[in-house]
Amino acid sequence: MFSQFKYVKAQTIDEVLTYLGDRDRCVKILAGGTDLMVLMQRNLETPDCLIDIKGIEEMKRLDFVQGVGLFVGASVTVNQVTESKIILEKYQALGQAAKTLASYQLRNRATLVGNVCNASPGADLAGPLLIFEANVHIASLDGRRVLPLAQFFTGPKKTVLAANELVTGISLPDLSSGDQSLYLKQARVKGHDLGIVGVAMRLTLDQKFLVALSAVAPTPIRLLELEEFLNAHPRTPELATKAGEMVQKLIHPISDVRASAEYRLLIAGVLVKRAVTLLTTREAN
Amino acid sequence: MCENQSQHGPQEHCSTYIDSQQPRVFLSCWVNGEIISAQIDPMITLLNFLRQGLKLLGTKEGCGEGECGACTIIMNGEAVNACLILAVEAQDAEITTVEGLSTGGQLSILQSEFVSQDALQCGFCTPGMLMSARALLDRTLDPTDPEIKEAIAGNLCRCTGYSPIIAAISSTAKKEREERK
Ligand SMILES: Cc1cc2nc3c(=O)[nH]c(=O)nc-3n(C[C@H](O)[C@H](O)[C@H](O)COP(=O)(O)OP(=O)(O)OC[C@H]3O[C@@H](n4cnc5c(N)ncnc54)[C@H](O)[C@@H]3O)c2cc1C
Ligand code: FES
Ligand code: FES
């Protein structure tokens with residue numbers, strides 16, 4: 001129990017991977033620490049080695065390449081996301097979700113990748129990343145792999161990451177201008193809380209809907225059935241109402257400290273209806 | 001091995017508050033313009049280092065979990081919650097706490113505006129509020145009300161109702177703009 005606590009500010013990815021490969025230690029990655037520190041304060045996490053990744057140049061990457069897409073390195077903060085012109089213009093739902101995450105000073109530390117790795121069912125950035133079909137870039141001493149985000153979450157606070165693996169960043173494919181998206185979040189207090197329900201919705205230039213919800217299932221989820229329904233039906237004013245009714249049949253939220261299951265169902269219906277209405281009327285204008 | 005989840009009872013002091021009995025590590029950083037070198041416990045938070053190590057008691061601890069903003073300081077130009085940062089993370093950092101706002105015992109414009117506009121009552125939130133406001137004004141001297149509200153949304157105040165705080169930040173911006181002219 002009194003194993004020696006070690007804090008390491010890594011300078012390279014290889015250094016991180018070497019530490020993560022040490023099976024005798026409980027090694028944790030420290031990004032912004034806004035999830036991890038809270039758990040450590042409560043003694044729910046008691047790592048004996050923390051690897052700070054904020055000093056690694058490669059992890060600071062936030063760049064966009066026309067025709068390829070966006071790459072967000074593992075130490076890019078949520079405020080950097082909210083201030084990125086390209087994200088606000090192209091990946092609107094992501095920019096909007098980032099602005100709802102916690103408070104300004106917290107967003108100066110919190111990272112986008114940390115939000116994903118923490119794998120809270122209510123993680124605000126997960127829904128938007130799912131509708132942009134994001135990929136997670138993973139590295140370990142055994143090599144590198146890239147995985148669709150849709151396959152990343154396995155349960156509340158659980159991911160496919162092995163103990164020796166590091167996420168180096170998240171990439172989003174480029175999209176056509178005219179691609180529209182939005183993020184709607186119902187929370188108890190603005191600027192302070194995970195959502196009770198979060199709805200991320202996208203309407204592509206070729207008229208395909210993509211929908212993801214957070215805080216209504218053990219992980220953030222894409223709602224493929226709802227997408228199919230929306231894509232198969234004409235854009236009548238009733239479409240939004242029907243989508244709002246349908247989502248309530250597709251999800252099975254739980255009751256917790258933030259809201260009851262009944263309230264979550266109700267709000268999910270309202271937000272999905274609102275999202276469809278906003279996206280389809282925005283388009284008509 | 002990472003199986004050591006919750007070995008301690010919830011009521012026990014947690015590792016980031018008490019002396020963790022770990023070998024000390026060397027920390028050097030700038031605090032309010034002064035260089036600080038110290039041997040520190042690697043597990044303490046930056047908030048604890050400022051308050052207990054440096055006896056800078058202006059920065060407050062409310063929740064210890066990022067919720068209340070009472071611990072807000074400016075680190076490398078950005079407002080951050082000192083309770084969620086390990087002191088060792090501040091290596092080479094430039095830190096400003098509320099003690100660094102005044103010069104030669106003279107309150108800054110921001111502080112004077114807080115006083116004259118009744119932007120504080122009990123004062124517990126004030127150091128954090130001031131630092132969030134300072135960080136905002138360092139970014140822009142022409143903040144809109146929504147920008148001010150966003151900047152202090154992570155600072156809870158249970159006394160003032162926020163309006164006087166927003167007014168004080170707004171009038172500081174105006175005065176500092178005039179001063180720059
Ligand atoms: C007061 C408060 C309010 C909050 N409000 C919100 C909110 O509104 N919405 C929301 O979604 N979240 C919220 N959060 C949660 C948190 O701020 C976010 O999830 C944040 O994005 C986490 O990022 P981080 O860099 O701080 O992660 P860290 O705490 O550094 O890491 C989180 C977890 O991911 C692991 N990890 C981090 N980076 C990597 C990597 N590169 N590879 C592998 N593993 C990694 C860490 O080991 C740790 O287990 C809130 C937290 C607090 C304290
Ligand atoms: S003490 Fe740091 S946010 Fe409350
Ligand atoms: S003045 Fe009392 S909490 Fe703000």
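Helix 3 of chain B covers residues 126-139, and at 1.5 Å a residue its 14 residues should span 20 Å; the end C-alpha atoms are 20 Å apart, which agrees. The expected span is 1.5 Å times one less than the number of residues. Helices (H or I, at least four residues) and strands (E, at least two) are DSSP runs, numbered from the N terminus.

The model is predicted: local features need pLDDT of at least 70, side-chain atom pairs count only at pLDDT 80 or more, and totals for chains, interfaces and linings use all residues. Residues are numbered from 1 along each chain as its sequence is written, chains are lettered from A and ligands numbered from 1 in the order in which they are written, and side-chain values use heavy atoms, with hydrogens and water left out.

Helix 3 of chain B is mostly covered, with 12 of its 14 residues buried. Buried means under 20% relative accessible area, exposed over 50%, and partly exposed in between (1.4 Å probe, protein chains only). Among the buried residues of this helix are M129(B), L130(B), R134(B) and L137(B).

**The ligand site**

Which chains surround ligand 1? Residues from chains A and B do, so the site is shared between chains. The shell holds 35 residues, and the closest are G32(A), T34(A), D35(A), T111(A) and D124(A). A residue is near a molecule if one of its heavy atoms lies within 4 Å of it. The shell divides into 18 nonpolar, 10 polar and 7 charged residues. Here Ala, Val, Leu, Ile, Met, Phe, Trp, Tyr, Cys and Pro count as nonpolar, Asp, Glu, Lys and Arg as charged, and the others, Gly among them, as polar.

| Residue | Part of the residue | Distance |
|---|---|---|
| A31(A) | backbone | 2.9 Å |
| G32(A) | backbone | 2.7 Å |
| K185(A) | side chain | 3.2 Å |

Taken alone, ligand 1 exposes 990 Å², and the protein buries 94% of that. Accessible areas come from the Shrake-Rupley method with a 1.4 Å probe. In chain A, strand 2 (27-30), helix 2 (36-41), helix 7 (112-118) and strand 10 (166-173) each give two or more residues to the shell. Helix 7 of chain A gives the most, with 5 residues.

R109(A) sits in the loop between helix 6 (104-107) and helix 7 of chain A. R109(A) is buried, with a relative accessible area of 13%. Its side chain is joined to that of E89(B) by a polar contact of 2.8 Å.

A119(A) is in the loop between helix 7 and helix 8 (126-131) of chain A. At 1% relative accessibility, A119(A) counts as buried. Its phi is near 55°, a positive value in a residue other than glycine. Most residues other than glycine have a negative phi.

**Two places in chain B**

D92(B) also has a positive phi, of about 65°, although it is not a glycine. D92(B) lies in the loop between strand 4 (78-81) and strand 5 (94-96) of chain B. Is D92(B) buried or exposed? D92(B) is exposed, with a relative accessible area of 60%.

V31(B) belongs to strand 1 (residues 25-31) of chain B and is buried, at 5% relative accessible area. The C-alpha atoms of V31(B) and T97(B) are 7.5 Å apart, although 66 residues separate the two along the chain.

Methods: Polar contact = N/O pair within 3.5 Å; in protein donor to acceptor, adjacent residues only side chain to side chain.
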